[in-house]
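Reader: I have the sequence and the model open side by side, and I would like to go through the packing with you. Could we begin with the helices and the sheet?

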Amino acid sequence: MTLPVRVIGTPLDRFDGPAKVTGTARYAFEHPVDRPAYLFPVQATVAVGQIVAVHAEAALSEPGVLAVLTHENAARIASFDDPELVVLQTPEVSYRGQFVAGVVAETSEVARCAADLVQLDYRPGPHDVVLDADHPDRYPPEAMNGGFATDSVHGDPEAALAGAAVRLDATYSTPWYQHAQLEPHATIAQCVDDRLTLHVGTQGVHRLRQSLATLFGLDEEQIRVISPHVGGAFGGKLHTHPDVVLAILAAFAVPGRPVKLALTRQQMFSQVGYRTPSIQRIRLGAGPDGRLVAVSHAVVQQTARHKEFAEQTATPTRVMYAAEHRSTTHRMVRLDVPVPTIMRAPGKATGMYALESAMDEMAIACGQDPVEFRIANEPPRDPELDRPFSTRNLVACLREGARRFGWAGRDPTPGVRRAAGGWLVGTGVAASMYPVYQLPGSAATIRLEPDGRYVVLIGAADLGTGTWTSLSQIAADALGVPVDRVELRIGDTDLPPAMAAGGSSGMTSWGSAVVEAARRLRARVAAEHADPPMHPIEASADMPENPERERFSMYAFGAQFAEVRVHEATGEVRAPRLLGVFAAGRIINPKTGRSQLLGGMTMGLSMALHERCVLDPRFGHVVNHDLAEYHIATNADVGCVEVHTLAEEDPYVNPMGSKGIGELGIVGTAAAIANAVYHATGVRVRDLPITPDRFFADGAMIRG
């Protein structure tokens, strides 16, 4: 075989695009099945308590009702190791909105109507749902999400802070951010002859199958999970949630019939996870020259009382800037709330909001430009692990971003720039970072057909991010053939195993397995002189280990710039311009890659200005539990968003040289906007979201 022009780096249109825009791409709930039954959940109306009586007679008398599932009659699970998945097994209620029953009926309308007729009597207990930095029950978890250490300390931060020439001590907070993907969480579950078939929107078909096999005491071969298309995930479809378990319990109750469940938007606000709120105290100390001598980052955040999830919020602070004395801590508070989970750039999005806001404040305190202050505190090596970075082009991103944005000559004085109509204008900057993960558990098989097609088989997922296209490009380059000769098959547990899409590691991990399988197939074809072959020839490979990961710290970096306008009479905030420059290795597909970075920046804008769950402490539930009242950025809120990438060659990360970009774009965006808001108004907002009320006291805008 001879290698043609490389396909990686070509901005191809998404191969699944026509199916998406014509509505022929099937999502979980849309797969055709015979004689489906429909499931509607019943949710707890108390935050803590115990069910003492179930009244299902009225529901069962409704025509078309097939079953009413409760803790008294649902099938038993085999493992109680994951408390979040203990559905309809006990009378205990751990949070308001918990599934306490489910109605299965011939139509969705009958199921929903009958669910309203199910009555439960509770013995309620006292509850605690309010996060407080000084909560008496806060504690250090054993480990954070991703296996990070709970705390870290280098040198003597307290002494260094006490002796610093310039000091900052500030507290920042982020609210409860809710998963609310465009495609609601949906499942079709069918049990036939002790075999389960599931159509589920999931970030990992094999991960989900393994979880369910353990939960129900089944062999993995008894479960098939199918998920070719996912309408948004962002971490909310990575772990198994109670809705999938409830659908399976319903399928057991009506064996042979497929049971369809699609959560309503309101049900998602208690069932599918959220980003934990955080309270973050950051202390910085610098010398007279503006060089940091000490960094301290202390985080308090919540988890569910019945299951711990500890987000790694302070971990970016461990590697971002040079300071001899550093400490980071995480403390958790168990509350009577649903279980938090992973959300796009877990830990990094919230932790970098606080750190990059503090860096802006410290730059001002030191009398330095915020861009130059960051550059002056650039570390030559990973401060945490004391080893070199495979590549670290944050300075290049800051320089190029400042040039493109027009940062030079910026007047640092806050509250002095005005536009017509009473708008105060400001600009801000923040850094982005995200680790390069490569997770084990992926394998690929490639088969060369007699007609010259290469069929690539791997149980990967496409969350709407472009996997169908980018993974085909990787395969084509590795095989040395045009991309139109590659036929990719993903999203099914009948295919070779693949790690779940998470941590921007999908293309890094799946692509490495595909490249190795292609290498083996090419060697076999050459040895057998079989191009084209008379019969199919195939080769398989697991993802090879990368020994360079022990030698280098691997990250992608970026710089975010924002222009904002704040109306001096109303406090309304607009962001007419965002600009991001990123160094993320080789970009497999510049078109889909730009889309991912643009989407992340838009999500960061939404995080900064709009999103917040409001909890009613009396009853323990989110009151703004739909997209009418949980505000997210819409087209009218997003002005000009510029995405630029730097050419970056990193030979150490993986065979493709890619780093992953799905999460990088959100990191730093909120801080850049908050810093721009300060520049516009002189008001330092440390608590997100930045809403109009933040600017007023006694009816007048506060001046810095």
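**Helices on a sheet**

Author: Helix 11 (residues 467–479) lies across strand 20 (443–448), strand 21 and strand 22, and runs at about 135° to strand 22. Helices (H or I, at least four residues) and strands (E, at least two) are DSSP runs numbered from the N terminus, and angles run from 0 to 180 degrees between N-to-C directions of axes, which are lines fitted to C-alpha atoms, for helices over the stretch in contact. This is a predicted model, in which local features need pLDDT of at least 70 and side-chain atom pairs count only at pLDDT 80 or more, while totals for chains, interfaces and linings use all residues. Residues are numbered from 1 along each chain as its sequence is written, and side-chain values use heavy atoms, with hydrogens and water left out.

Reader: And which strands does helix 12 touch?

Author: Helix 12 packs on the sheet and touches strand 20, strand 21 and strand 23, contact meaning heavy atoms within 4.5 Å.

Reader: What is the strand order, and which strands stand at the edges?

Author: The order is 22-21-20-23 in an open sheet with mixed pairing, where two strands pair if DSSP finds at least two bridges between them. Strand 22 (486–489) and strand 23 (537–542) stand at the edges with a single partner strand each, so one side of each has no neighbour in the sheet.

Reader: Changing topic, is histidine 199 buried or exposed?

Author: Histidine 199 is buried, at a relative accessible area of 11%; buried means under 20%, exposed over 50% and partly exposed in between, with a 1.4 Å probe and protein chains only. Histidine 199 belongs to strand 11 (residues 195–200).
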